[in-house]
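Hello,

Here is the structure I promised to pass on to you. Please open it first, and then read my notes below alongside it.

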Amino acid sequence: MSHPPRESIAMPLPGLSRCAFVVLGATLLPATSVARDLLPVSAGATQPAPADGSPTEPDRRPGRTPSAAASVQAGGLTLNEQGASYRSGSSRERLQLRLGANTGVDAGASVGVDYARLLNDRWALGVNASAGARRAQDLMFNGLYSPGADLHIGLSLGWLRSTDSYRFHSGSDEVTVNQGSALLRARKQFDRGSLLTHVSASAYLAQARKPDVADRVMTEETATLIRFLVDPREISPGRLQGFSLGLGMAPWPNGDIRIGLGSERLLHRFLDGSTAAQRRLSASLDVRHTLPGCWQVEGSVASGVASNRFSLGVRKGPWMLAASRDASRQAQSSQTRLVAGLNLPLGQAAPVCRSAAGGSLPALQRLDEVFTRPSQLPTRAMARVDPTARPSLLASLDKSGLAGATATATPEALILSLVDPAIAVADLFINGLQVANVGANGQPLLWVQGTSLYIGVGRLPGIAVGQTVPVEAVVLLAGGGLALVSFNVTGN
């Protein structure tokens, strides 16, 4: 690491007013004796940023788990703990409207719409869209191509915009991250009566876009010193790659077994060239068996990076009874549920008892393929605070030399409000030589804005390591007087 230049002011000369301070400019690496791994230590400072400042990633696993969430369904209207939804449609078209209310960090209303349509015997299209009052907007397009009755190829393309709170060194702040995603899947069905009912595979990718977050100034103050630090507030976007495999079997009459296996890798790259990679494995097993009298028993086991889930349920006609256990890796988050339900068609056809095994993929299941949002694709932005982006020292001021002046800072400049309002920078001397007040980019090194003197710390010329160069600036004041601002620039 290298540190910025250092400045300190001398004692006043006759006829001139003076102030004294020390400045570290961002053009050089931070001085190890002053700003090595600098963090604020003042009373108002926040704790260091964690290794990952982003929200916890949800556990996404292949396969299907029988729902054991409490709900009330009447015709196309469903009420559950997540909100309300209304669904209508036919065997070739389906529409669902969703309304929910979130609590906690995602507090606020959310709305969503899901639509799917079978265009013909080969093509099906669907869309999923949702928006929260504050947090996220999600749009997903799903397509399915069926060259034959037993082969189906699907593609999903999505865009996500998520706003979350990230904990930087200078404090928490909300940042909006955009993210794109894609999933390619294929499913092969087998004839009724064979041991295998289907084989499926999918590969998916999601990439977050790096947001532009402005630097923020941090201040720490002692009885004799004021220091200004700059928090770069870097966000590292994530890249997710994964695949999943599914297998369906009918080992006995009226029985159905589905096995899912998956793996994914989440990668973050940091400013210093290092990376952080997380690999996740998941597996699921679903078993369903239809008994005489239209009784149906369902059970599932799923293991993922976040939790292990178990579910067992029984259905008969419109009635359902299920128990589930979600054993989270965090013990305090584990849940056990017992749910009873009754499905009231209200004018719709009553559920028909069917065998669980075999058969080719009917039109209604083709509709499901494009109606449901792919569970493998993340619903929140995969971004985290870059732990290698540490605050750097912008300026260090000796209070005894300020001579009544006050100091503030921006990420690019130190701001001095002198006792008398400043009008302009009259002269600039570096190492005893008068120089033009112009930096390499054509902008002034020191300038007056309003009535304050700005010192462009990032514009100061680079000084060799260990070299100390005196700098003096003559400032014209509103009352016609002059102020001499002198300091030493030390390269480190």
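**What I found**

Four strands form an open sheet in the order E24-E25-E29-E28, with antiparallel pairing. Strands (E, at least two residues) are DSSP runs numbered from the N terminus, and two of them pair if DSSP finds at least two bridges between them. At the edges are strand E24 (406–409) and strand E28 (446–449), each pairing on one side only.

Before going on, please note that this is a predicted model: local features need pLDDT of at least 70, side-chain atom pairs count only at pLDDT 80 or more, and totals for chains, interfaces and linings use all residues. Residues are numbered from 1 along each chain as its sequence is written, and side-chain values use heavy atoms, with hydrogens and water left out.

Within the sheet, strand E25 (residues 414–417) and strand E29 (residues 452–455) pair in the antiparallel sense over 3 bridges. Ile415 stands opposite Tyr454 in E29.

Now for the core. Which residues touch the most other members of the largest nonpolar core? They are Phe228, Leu397, Leu414, Leu446 and Val475, out of 31 residues in that core. Such a core is a set of buried Ala, Val, Leu, Ile, Met, Phe, Trp, Tyr and Cys residues joined through side-chain atoms within 4.5 Å; buried means under 20% relative accessible area, exposed over 50%, and partly exposed in between (1.4 Å probe, protein chains only). Strands that each supply at least two residues include E24, E25 and E29, while E30 gives the most, with 5 residues.

Finally, look at Phe243 in strand E15: Phe243 is partly exposed, with a relative accessible area of 41%.

Best wishes
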